[in-house]
Amino acid sequence: MSDRILGIAGLLIAAFYAFSATLIPLSFMSDPVGPKAFPFIIAATLGLSSLVFVLKPDEEPEWPTLGRLAEIGFAAVVLVLYALALPKAGFVLATAVTAAFLSWRIGAHPLAAVIAGVCIAVGIYVFFHLVLGLSLARGPWGF
């Protein structure tokens, strides 16, 4: 039953997303594909994926205990705090701290979690900023 509920919710979101894409104004300087193509692709992908949940649901899942749900909620709060910390702390520091904390919470030894957090932050920074040239939040040290 829960898969079908998720599938119906996904179908409704896909329909709303497709409708919203029709409201995007066309610019005289748009490319041949236009600005509506990508949102329609996303809506179609979400709609087809949701249809699978509606037509072929899995057996009822075993839901996590209340303590596990609280931990999932706490992880969501940590990710919101991460987003708020990005402009002040910068990408590398905020990502390192968040990745280390979340790694620790999913079972890594504290030292391994810190090493993982630093490696994740530096690896993403090198790839996205230095290799691809994308702009990431600058921290107090300029990176």
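The axes of helix H4 (residues 91-105) and H5 come within 7 Å and cross at roughly 140°. Here axes are lines fitted to C-alpha atoms, for helices over the stretch in contact, and angles run from 0 to 180 degrees between N-to-C directions. Helices are DSSP runs of H or I with at least four residues, numbered from the N terminus. The model is predicted: local features need pLDDT of at least 70, side-chain atom pairs count only at pLDDT 80 or more, and totals for chains, interfaces and linings use all residues. Residues are numbered from 1 along each chain as its sequence is written, and side-chain values use heavy atoms, with hydrogens and water left out.

Contact means heavy atoms within 4.5 Å. On the H4 side, the contacting residues are Phe91, Val92, Thr95, Ala96, Ala99, Ala100, Ser103 and Trp104. Their partners in H5 include Pro110, Ala113, Val114, Gly117, Ala121 and Tyr125.

Side chains of opposite charge can pair when their charged atoms come close. The structure holds two salt bridges, each a side-chain nitrogen of Lys or Arg within 4 Å of a carboxyl oxygen of Asp or Glu. Arg105 pairs with Glu71, with the closest N and O atoms 3.0 Å apart. Arg105 lies in H4 and Glu71 in H3, so this pair ties together parts that are 34 residues apart in sequence. Arg68 also bridges to Glu71, at 3.7 Å between the closest N and O atoms. Both Arg68 and Glu71 sit in helix H3 (residues 66-89), three residues apart, about one turn of the helix.

Arg105 is partly exposed, at 32% relative accessible area. The term covers values between buried (under 20%) and exposed (over 50%), with a 1.4 Å probe and protein chains only. Arg68 is partly exposed at 48%, and Glu71 is partly exposed at 24%.

Val114, Val118, Val122, Val126, Phe127, Phe128, Leu130, Val131, Leu132 and Leu134 form a nonpolar patch with about 860 Å² of accessible area together. Such patches take residues with over 30% relative accessible area and no salt bridge, joining nonpolar side chains (Val, Leu, Ile, Met, Phe, Trp, Tyr) within 5 Å and like charges within 9 Å. Leu134 is found in the segment after H5 (110-131). Leu134 is partly exposed, at 42%.

Definitions and conventions:
Accessible areas come from the Shrake-Rupley method with a 1.4 Å probe; for residues, only the protein chains shown count as cover. Helices (H or I, at least four residues) and strands (E, at least two) are DSSP runs, numbered from the N terminus.
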